[in-house]
Each structure stands twice: as C-alpha cells, then as structure tokens.
Amino acid sequence: MNGTTALSPWLPTAPCTPGHCAAHHPGSLHRREAERDRPAHPGSLHRREAEQDRPDHAGVVRAVVRLTAGLGTLLLGILLAPAAGLLPAATRLALVRHWTRAVVRAFGVRVRYEGTAAPAAGPLLVVANHVSWLDIPLIAAVLPGRMVAKSDVRHWPVLGTLAALGGTLFIDRDGIMALPGTVRTMAGVLAGGGRVIVFPEGSTWCGRERGRFRPAAFQAALDGGGAVQPVRIDYRPTDAAAYVADDPLGSSLWRVVTTRRLTAVVRLREPLPGGRYADRRALAAAAQRAVASDSANLPSLSVHQRSRSRPSSASSARTPA
C-alpha cells in the first residue's frame, strides 16, 4: 500500500510523506486551533499552557476503546470466515457488507455514501483513488469483491489472514514480468461474472493530490467484458486518515482512533461500459476524470445514507501499472 522509494523505475510512487501529509496529533491540533481563536482573558494564558501540557485522559480512553473494538471486530471476522464460506453467495456478501461497516464504525470513523452502486449481477471492475487502509473496508461495505494487493500483505498479522480468507488477488508488485499474468487473472474473475477491486494509482496519496491511473488493470475490464465503477474517497480532516510512505501501521491506527469526527465520504460515480472506449488508456483516463470530478451528477444520498460511529462500541495495497 504505502512506500517511498521505488524498487524499480516502473513502480508508481507518490511524493507524500508522513511528516508533511499526515497529522500525527489531530486531537491536539484541533484543540490548539480552537484555543487560538478563543478571545483571551487576563490571567488565562498560563492556565491554557498548563492545560495543553496536561494529557487528555478522556481522549486517550476513547481512543483505546476504539482501537480495541476495531481490532476485535477484525478478529471476529477472521474467526467467522470459515463458517461464512459455507453460506450462499448472496448471504455471504451481505455479511461482508455489514461486517466491514462495523469495522469502520468501531475505529470511530463516520461514513457518508453518495451515488448508486452498479447492480450486483454482472462483472465489474471497481477503481478508486487510494488514501488509506480504510479505503478497503469502505469499498467492501458497498461493493464487496476480490481485492488486488501486493504479495507482502499476505504476511501481515491479522490483516494478511483476513485478506487471504477474503479471496484477495496477491501480486508480485516488484516483478514487471508478473503483470500480464495478474491482468489475465483479473480478467478471468470478471469473465466469470465476478467483481475485482483495484487502486490504479499504484500507491497511497495524501488526499490533497492524486496520482495518475495506470492503465494495465483496465485491460482486464476490456478482456473480461466488465464495466468499470469509479469511486472517489475523501476524508475530513484530510490528513488524519492518510497512510503514506513509510508511515507505520500502528501510527496510522492511533491517528485514526484519536481523531474526533473523522469522516469518510465515498462517492460512487456512474459505471463506465468498457466497450465504449478504444483501449485501456482511454478507459483509464475516463475513470480518472470521473474520480477527480467534483461536479458529477449524483443523487443526494443513496439508501446507504450515513453511518455514525460510537466510541463505545493496516499499509494500503499498491498495485502495478
């Protein structure tokens, strides 16, 4: 998902770094801004400085509860995955949607979905901009399918097991010779009526800037006869969810659970029929324009409406061009 230095010249990378793009202390940042804007009173300056140095115990407790709930919900999914595999496909996908929404809520993230997802029947290539590890459950909550991720993800604790159980298509990102085989595998899933989810920027970006959509994955849509569903993901505040470069997963998790009112807005654009485009480059460019647009025609809110988190209640997978 994230990374700074390309191991090969063809690997896509982003200029975003944790120090410049990720807010590592979002709670204290918002508190300082609020205090800065508050009118000063005689004798209050030293009191404010003392308060800033004092730890926010309530905030720490809330963050620990969210982190525990989020990781617990992830582990519950792993434990129940074998049994869920025995269920009918429609029931299994419904469970995946509910479970991934529960994961996001447990980590304290509010979610708003806009637009309408493509019909469940028929092959579909889902493409989205890539900001955070949160992108994965956010998309799975409305468009569950087989994710494309680098092979390293398979060895991650908890998340690697979950990815494997979910049918993730693991790829050797560092080997360009493996790219045609990856595209053929994706096309085979689509030709069988399945759904594949990929982040064609090839790396995580901070959200303020976005990368170019690499065209290789779009060849799978053309070969497999699938439409393309562009998805745009935004976070507010933008920095809090960004998981870029060599940012440790633990730091990103803590930043998410300590950020108050972290909101994800997921915009589902109109599906693009692959047959209307001359080649994969034209299709990739059309999908990128749809994701980048701020003025696409969207209904106000779909049936997914809004999901709010309650306090009580890992690196993004880079894909080759």
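A residue counts as buried when its relative accessible area is under 20%, as exposed when the value is over 50%, and as partly exposed in between, judged with a 1.4 Å probe and protein chains only. By that rule Arg261, at 53% relative accessibility, counts as exposed, whereas 50% of the 321 residues of the chain count as buried. The structure is a predicted model, in which local features need pLDDT of at least 70 and side-chain atom pairs count only at pLDDT 80 or more, while totals for chains, interfaces and linings use all residues. Residues are numbered from 1 along each chain as its sequence is written, and side-chain values use heavy atoms, with hydrogens and water left out.

**The chain as a whole**

- The secondary structure comes to twelve helices and eight strands, where helices (H or I, at least four residues) and strands (E, at least two) are DSSP runs numbered from the N terminus.
- The chain exposes about 15100 Å², and carbon and sulfur atoms supply 58% of that area; accessible areas come from the Shrake-Rupley method with a 1.4 Å probe, and for residues only the protein chains shown count as cover.

**Strands β2 and β5**

- Strand β2 is mostly covered, since five of its five residues are buried; Leu124, Val126 and Ala128 point one way from the strand, and Leu125 and Val127 point the other way.
- β2 pairs with β5 in the parallel sense over four bridges, pairing being counted if DSSP finds at least two bridges between two strands, and Leu124 stands opposite Arg195 in β5.
- β2 also runs parallel to strand β6 (residues 227-236), to which five bridges join it, and here Val127 stands opposite Pro230 in β6.
- Val196, which lies in strand β5, is buried with a relative accessible area of 0%.
- The contacts of Val196, meaning heavy atoms within 4.5 Å, include Leu124, Leu125 and Val126 as well as Met186, Val189 and Leu190, when residues up to four places away in sequence are not counted.
- Val196 and Gly226 are 30 residues apart in sequence, and their C-alpha atoms are 9.7 Å apart in space.

**Helix α8**

- Helix α8 (residues 179-191) has 13 residues that should span 18 Å at 1.5 Å a residue, and its end C-alpha atoms are 18 Å apart, which agrees; the expected span is 1.5 Å times one less than the number of residues.
- In α8, Leu179, Thr182, Val183, Met186, Ala187, Val189 and Leu190 are buried.
- Just after α8, Gly193 takes a positive phi of about 85°.

- Thr263 lies in β7 (residues 263-268), counts as buried at 18% relative accessibility, and touches Arg110, Asp234, Tyr235 and Arg236, residues up to four places away in sequence not being counted.
- Strand β1 (residues 110-115) pairs with β7 in the parallel sense over six bridges, and Thr263 is the bridge partner of Arg110.
- β6 pairs with β7 in the antiparallel sense over six bridges, with Ile233 standing opposite Val266.
- Arg261 sits in the loop between α11 (249-258) and β7, and its phi is near 60°, a positive value in a residue other than glycine.
- A cis peptide bond, with omega of about -5°, joins Arg236 and Pro237, and Pro237 lies in the loop between β6 and α10 (238-241).

**Nonpolar cores**

- A nonpolar core is a set of buried Ala, Val, Leu, Ile, Met, Phe, Trp, Tyr and Cys residues joined through side-chain atoms within 4.5 Å, and of the 44 residues in the largest one, Leu138 and Ile139 touch the most other members.
- Another core, of 26 residues, lies apart from the largest one, and its residues include Ala217, Phe218, Leu272 and Val291.
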